[in-house]
Amino acid sequence: MTLPRAVIEAGYKPASQLNLRGLMLKINGLPDGGKTELALSGPGPGVCVLSDRGYKGMLRNPSPPQTRNPDIWLKTVEFPSDKDPGAAQELFVRAWNAYRAEVYTALALGGISTVVVDGDSDTWDIQKLAHYGKKTQIPPMMWESANSTRKAMLTRCQDSGKVVIVTSKMKKHYADVLDTNGIICLDDSGKPKREWDGTYDASGYNDQGYFWEVEVLAMKHDAKSEWGLQIQKNKSDPGYVGQELWGDECNLKTLFQFIFPHIDINSWGQWSY
């Protein structure tokens, strides 16, 4: 069917002609769970903004996996310690503003396919300290400034046309303890008793799920000393959720080939491995 000329002149196009460049990919995992290493197996050329302090051990690995893409270059961003009770809020304001500027600069770079933002959950803590001077007991009515700033940064990532890969730590999920009758148990202070139920939740900013097209969980099989990933979300085809890739298949090139078999693997960028 031919649409009226006015529709075409107004800039509307069929779905087949829309620019689908870029991808929002989130890698969740426990500390030391292989998140950054997995992110560095993405397409190049690219850059990685490192803020998770755990990266040094990974880079000192004398035998890094062959799937680490040498065409992804790294830059570290240092933050004041949030464990220092004497750290002034102004230090965190400067650190957050410098970090956000670094991410925006990376997104605007020409000639690269990928931007890795390592340590997203850590930077959310820094942002809260910058906005409020604390990480907890923040009244709901005060969240607007931090939320809007975070969403603006994620929107910039989404609009960049690049493969944006973000790593985020997991935290233990605590649930109410129930008695045999299904009644919530109380502790000695009269508050509901809660215990870890064996599962994990993503840390960091929690109102961001709709930004990610793909989410994976980085894993390690301790008995086999083998690394793996589990697909937690694939917006284009949820049928892949729950599938796992282990060993030599635990890399982003294999993941992209697996969940996007109809897309030329080289359209994402260069895979120098």
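## What covers helix α4

The buried residues of α4 (89-108) are covered by elements that include β2, β3 (72-76), β4, α5, α6 and β5. Buried here means under 20% relative accessible area, with exposed over 50% and partly exposed in between (1.4 Å probe, protein chains only). Helices (H or I, at least four residues) and strands (E, at least two) are DSSP runs, numbered from the N terminus. This is a predicted model, in which local features need pLDDT of at least 70 and side-chain atom pairs count only at pLDDT 80 or more, while totals for chains, interfaces and linings use all residues. Residues are numbered from 1 along each chain as its sequence is written, and side-chain values use heavy atoms, with hydrogens and water left out.

Now to the helix itself. Its 20 residues reach 29 Å from the first C-alpha of α4 to the last, close to the 28 Å expected; that expected span is 1.5 Å times one less than the number of residues. Phe92, Ala95, Trp96, Tyr99, Glu102, Val103, Tyr104, Ala106 and Leu107 are the buried residues in α4. An α-helix has 3.6 residues a turn, so residues three or four places apart point the same way.

The largest nonpolar core holds 32 residues, and Tyr99, Leu107 and Val115 touch the most other members. Such a core is a set of buried Ala, Val, Leu, Ile, Met, Phe, Trp, Tyr and Cys residues joined through side-chain atoms within 4.5 Å. Two or more residues come from each of β2 (46-50), α4 (89-108), β4 (114-118), α5 (120-132), α6 (144-159) and β5 (163-176). With eight residues, α4 gives the most to this core.

Which residues does leucine 107 contact, leaving aside its neighbours within four places in sequence? They are Val115, Arg156, Cys157, Ser160, Lys162 and Val164, where contact means heavy atoms within 4.5 Å.

## Aromatic pairs and charges over rings

The count of aromatic pairs comes to 12. Rings of Phe, Tyr and Trp (its six-membered ring) pair if their centres lie within 6.5 Å; planes under 30 degrees apart count as stacked, over 60 as edge-to-face and the rest as tilted. Tryptophan 124 and tyrosine 205 form a tilted pair, with ring centres 4.8 Å apart and planes at 55°. This pair links distant parts of the chain, 81 residues apart: tryptophan 124 is in helix α5, and tyrosine 205 is in the loop between β6 (194-202) and β7 (214-221). Tryptophan 124 is buried at 6% relative accessibility, and tyrosine 205 is buried at 3%. Ring pairs also join Trp124, Tyr132, Trp143 and Tyr205 into a cluster.

Arginine 156 has its charged end over the ring of tyrosine 104, 3.9 Å from the ring centre. Likewise, the charged end of lysine 172 sits over the ring of tryptophan 196, 4.4 Å from its centre. The rule asks for NZ of Lys or CZ of Arg within 6 Å of the ring centre and within 35 degrees of the ring normal.

Is strand β1 (residues 23-29) mostly covered or exposed? Seven of the seven residues of β1 are buried. On one side of β1 are Leu23, Leu25, Ile27 and Gly29, and on the other Met24, Lys26 and Asn28.

β1 pairs with β5 in the parallel sense over seven bridges, and asparagine 28 stands opposite serine 168 in β5. β1 also runs parallel to β7, joined by four bridges, with lysine 26 opposite glutamate 215 in β7. Two strands pair if DSSP finds at least two bridges between them.
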